[in-house]
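Here is a short report for a reader new to this structure. Look over the sequence and the model first.

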Amino acid sequence: MADFADPRAHARAAVPKYKETVDAGYRASNRVWIRVWIYIVSGHVFVGFLFLLFFVGSRHH
């Protein structure tokens, strides 16, 4: 019961401190943007291929 007497006791619990990663910052966000552009371009190529399939398939009727 003594543990619950002070509601701020849980807030004062030890929180582990992590060192900053060496790769954080500009280089990491730059890689994310490169990956996003790769996904966007590959998605457009895939959708373009599907469009081509439907276009060619509709001409045969």
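## An aromatic pair

F51 is exposed, at 60% relative accessible area. F55 is partly exposed, at 44%. Here buried means under 20% relative accessible area, exposed over 50%, and partly exposed in between (1.4 Å probe, protein chains only).

The whole structure holds 1 aromatic pair. The ring centres of F51 and F55 lie 6.5 Å apart and their planes meet at 15°, so the pair is stacked. Rings of Phe, Tyr and Trp (its six-membered ring) pair if their centres lie within 6.5 Å; planes under 30 degrees apart count as stacked, over 60 as edge-to-face and the rest as tilted. F51 and F55 are 4 residues apart in helix α1, so about one helical turn separates them.

## Helix and surface

The chain has 1 helix and 0 strands. Helix α1 covers residues 26-59 and includes F49. Helices (H or I, at least four residues) and strands (E, at least two) are DSSP runs, numbered from the N terminus. F49 is partly exposed, at 46% relative accessible area.

Of the 61 residues in the chain, 0% are buried. The accessible surface is about 6,500 Å², and 70% of that belongs to carbon and sulfur atoms. Areas come from the Shrake-Rupley method with a 1.4 Å probe; for residues, only the protein chains shown count as cover.

## How to read the values

This is a predicted model: local features need pLDDT of at least 70, side-chain atom pairs count only at pLDDT 80 or more, and totals for chains, interfaces and linings use all residues. Residues are numbered from 1 along each chain as its sequence is written, and side-chain values use heavy atoms, leaving out hydrogens and water.
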